[in-house]
Amino acid sequence: MDDQEMQLKVRRVSDKFTESMYVLANEPSVALYRLQEHVRRSLPELVQHKTDMQSWEEQSQGAIYSVEYACSAVKSMTNSSVYFKNIDTLLRQTITMKEQISNFNGRRQNDVTASPPPSIPAPQNSPASS
């Protein structure tokens with residue numbers, strides 16, 4: 001055999017071998033194995049991302065609840081201004097009445113001569129009421 005023939009046979013064998021390797025490398029079972037390998041490598045990272053996202057969601061839900069609660073508290077405070085105005089009015093009326101009573105008592109003491117006020121008997125505690 002000469003060199004050319006030998007080279008031709010070697011080329012054919014290597015071409016057939018390359019083709020066989022290509023077919024084996026692209027066989028569906030090999031593709032499924034590679035897919036499984038990829039999933040096995042990337043799955044733990046994906047699970048970690050999922051748990052992180054769930055934790056962040058819980059934290060953000062808590063913050064949203066806090067903000068909504070604070071907003072409702074502020075709204076109720078603004079709505080309570082009517083009640084505070086009523087309280088203010090009632091306190092002013094009470095102060096005015098107290099001043100009138102004080103003035104009335106002061107005039108009455110000036111009008112009354114040195115006569116002592118009528119004595120009021122002290123209430124007696126009866127054993128039946130206790």
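Mentor: Let us begin with the word helix: a helix is a DSSP run of H or I with at least four residues, and such runs are numbered from the N terminus. Please keep in mind that this is a predicted model.

Trainee: How do you know that Glu-37 and Arg-41 are separated by about one helical turn?

Mentor: Both belong to helix 2, which covers residues 28-79, and they are four residues apart; therefore about one turn of the helix separates them.

Trainee: Why is the contact between the side chains of Glu-37 and Arg-41 called a salt bridge?

Mentor: The N to O distance is 3.8 Å. The cut-off is 4 Å between a side-chain nitrogen of Lys or Arg and a carboxyl oxygen of Asp or Glu, so the name applies.

Trainee: What makes Glu-37 partly exposed and Arg-41 exposed?

Mentor: Glu-37 has a relative accessibility of 24%, and Arg-41 has 60%. Exposed means over 50% and buried under 20%, with partly exposed in between, so each residue receives its term from these limits.

Trainee: How many salt bridges are there by this rule?

Mentor: The count comes to two. Asp-88 and Arg-92 also meet in a salt bridge, with an N to O distance of 3.1 Å. They lie four residues apart in helix 3 (residues 81-111), about one turn of the helix. Asp-88, at 35%, is partly exposed, while Arg-92, at 56%, is exposed.

Trainee: What does the side chain of Ser-80 reach?

Mentor: It reaches the backbone oxygen of Met-77 at 2.6 Å.

Trainee: How many aromatic pairs are counted?

Mentor: The rule gives one aromatic pair. Tyr-65 and Tyr-69 form this pair, with 6.4 Å centre to centre and 20° between the planes. Ring centres must lie within 6.5 Å, and planes under 30 degrees apart count as stacked, so the pair is called stacked. Both residues are in helix 2, four residues apart, and therefore about one helical turn separates them. Tyr-65, at 56%, is exposed, and Tyr-69, at 55%, is exposed as well.

Trainee: Which element has the lowest mean pLDDT, and which the highest?

Mentor: Helix 1 (residues 3-25) has the lowest, 87, and helix 2 the highest, 91. The chain averages 84, and 84% of the residues score at least 70.

Technical notes. Residues numbered from 1 in each chain as written. Predicted model: local features only at pLDDT ≥ 70, side-chain atom pairs only at ≥ 80, totals over all residues. Heavy atoms only, no water. Helix = DSSP H or I, 4+ residues; strand = E, 2+ residues; numbered from the N terminus. Buried < 20%, exposed > 50% of the residue type's maximum accessible area, 1.4 Å probe, protein only. Polar contact = N/O pair within 3.5 Å; in protein donor to acceptor, adjacent residues only side chain to side chain. pLDDT = per-residue confidence, 0-100. Phe/Tyr/Trp six-rings, centres within 6.5 Å; stacked < 30°, edge-to-face > 60°.
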